[in-house]
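Dear colleague,

Here is the structure I said I would pass on. My notes on the helices follow below it.

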Amino acid sequence: MKPFPIPVTALGAGLAHEEENLDFLPMPKAEPLDTPRPPEDAAPEELAAAADVVEQLLEAMGAHRPGGDQPPRFSLKAMAPGALKALNESLGQGEVSAVVETAGGAWRVQETAFAGVWRSRREDSRGTVLEDILEADDMPLCVKEAAAQVAGARLDASQLPAGVMNAPSIVDELRHHAKAFRPGQPAHVVNLSLLPLAPADHDGLEAVLGAGPVTILSRGFGNCRVQATRARGVWRVRYFNTMNTVILDTIEVVDLPEAARAAGDDYDDSVRRLAELLAWLREG
């Protein structure tokens, strides 16, 4: 590929950058999908700058498989506001969003309309943008790192309140599988919707599992809310209907639930569609 003419920086983990002009959800919630709209009012140099970013992203995505090491990551810190706006409008907004709580702030993550292509921004407690990243993978690096760094909770059934029915056996089952869990293993799923549970069971499970640093909303399977717990590798995964009623409530022991990941086939389709977008931007 030709030398990259604008200051977009390929990243390793942990570099800090900033910019704006993409709408990030303050917390995961349902929003209409934003279809890519190549901006017709952008200046030629802005379209060219956006095309250069897409071209470099495409080249990196072609050498990477979702879930592999060293995913493509680019800082957009130095992009001019008009060029960044053109890029954001071209990429659109997709089905998955996430919030990753950090010390003194949070990552705000939004999948673009191209599955497996993400915008990730880290903000401090005052809302100042510290990093602004474009990346491609099954999930963004900040989500994976936060999930991997969750401490192992005790999952102690003795902490459950009086009046529970099935919660003690559920906690014991989760403790067993969480202890044996290794990244990359198939998920072990406990389907709470199929079990007779008293209100004390639900309250007790909430208290024992707690809430971890990662909250994800996926609209690929209806509305699905994925919450990390305080136990590494243990996730609460809930599916909602259009009335925001829970229709499926599960607990998964897995590195990252499949409901939130970008699938390999969708990633490949995004590569094809990004090539079409690049052609449009070059013609513009």
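Which residues are buried in H2? They are Ala83, Leu84, Ala86, Leu87, Asn88, Glu89, Ser90 and Leu91, where buried means under 20% relative accessible area, exposed over 50% and partly exposed in between, with a 1.4 Å probe and protein chains only. H2 is thus mostly covered, with eight of its 11 residues buried. Those buried residues pack against H1, strand E5 (117-124), strand E6 (129-136) and H6. After H2 comes glycine 92, which has a positive phi near 70°.

This is a predicted model, in which local features need pLDDT of at least 70 and side-chain atom pairs count only at pLDDT 80 or more, while totals for chains, interfaces and linings use all residues. Residues are numbered from 1 along each chain as its sequence is written, and side-chain values use heavy atoms, with hydrogens and water left out.

Overall

The protein has six helices and 11 strands; these are DSSP runs numbered from the N terminus, helices being H or I with at least four residues and strands E with at least two. Of the 284 residues in the protein, 49% are buried. Among contacts with a separation of 6 or more, 64% join residues 24 or more positions apart, contact meaning heavy atoms within 4.5 Å. The accessible surface comes to about 13200 Å², and carbon and sulfur atoms hold 52% of that (Shrake-Rupley method, 1.4 Å probe; for residues, only the protein chains shown count as cover).

H1 with H2

Helix H1 (residues 44-62) packs on helix H2 (residues 81-91) at about 60°, the axes being 8 Å apart. Axes are lines fitted to C-alpha atoms, for helices over the stretch in contact, and angles run from 0 to 180 degrees between N-to-C directions. That makes H1 oblique to H2; angles under 35 degrees count as roughly parallel, over 145 as roughly antiparallel, 65 to 115 as roughly perpendicular and the rest as oblique. The H1 and H2 crossing is right-handed (the near helix is turned clockwise from the far one by less than a right angle; anticlockwise is left-handed). H1 contributes Glu46, Ala49, Ala50, Val53 and Val54 to the contact, and H2 contributes Gly82, Ala83, Ala86 and Leu87. By class these are seven nonpolar, one polar and one charged, with Ala, Val, Leu, Ile, Met, Phe, Trp, Tyr, Cys and Pro counted as nonpolar, Asp, Glu, Lys and Arg as charged, and the others, Gly among them, as polar.

H1 with H6

H1 also packs with helix H6 (residues 264-283), at about 150° and with axes 9 Å apart. The two are therefore roughly antiparallel, and the crossing is left-handed. Residues in this contact include Leu47, Leu57, Leu58 and Met61 of H1 and Tyr267, Leu274, Trp280 and Arg282 of H6. The contact of H1 with H6 has 16 nonpolar, no polar and three charged residues.

Glycine 62 lies in H1 and is exposed, at 63% relative accessible area. Its C-alpha atom is 7.5 Å from that of valine 271, which is 209 residues away along the chain.

H4 with H5

The axes of helix H4 (residues 167-180) and helix H5 (residues 199-209) come within 10 Å and cross at roughly 30°. H4 is therefore roughly parallel to H5, in a right-handed crossing. Ala167, Ile170, Val171 and Leu174 of H4 meet Asp201, Leu205, Val208 and Leu209 of H5. That contact has seven nonpolar, no polar and one charged residues.

Regards
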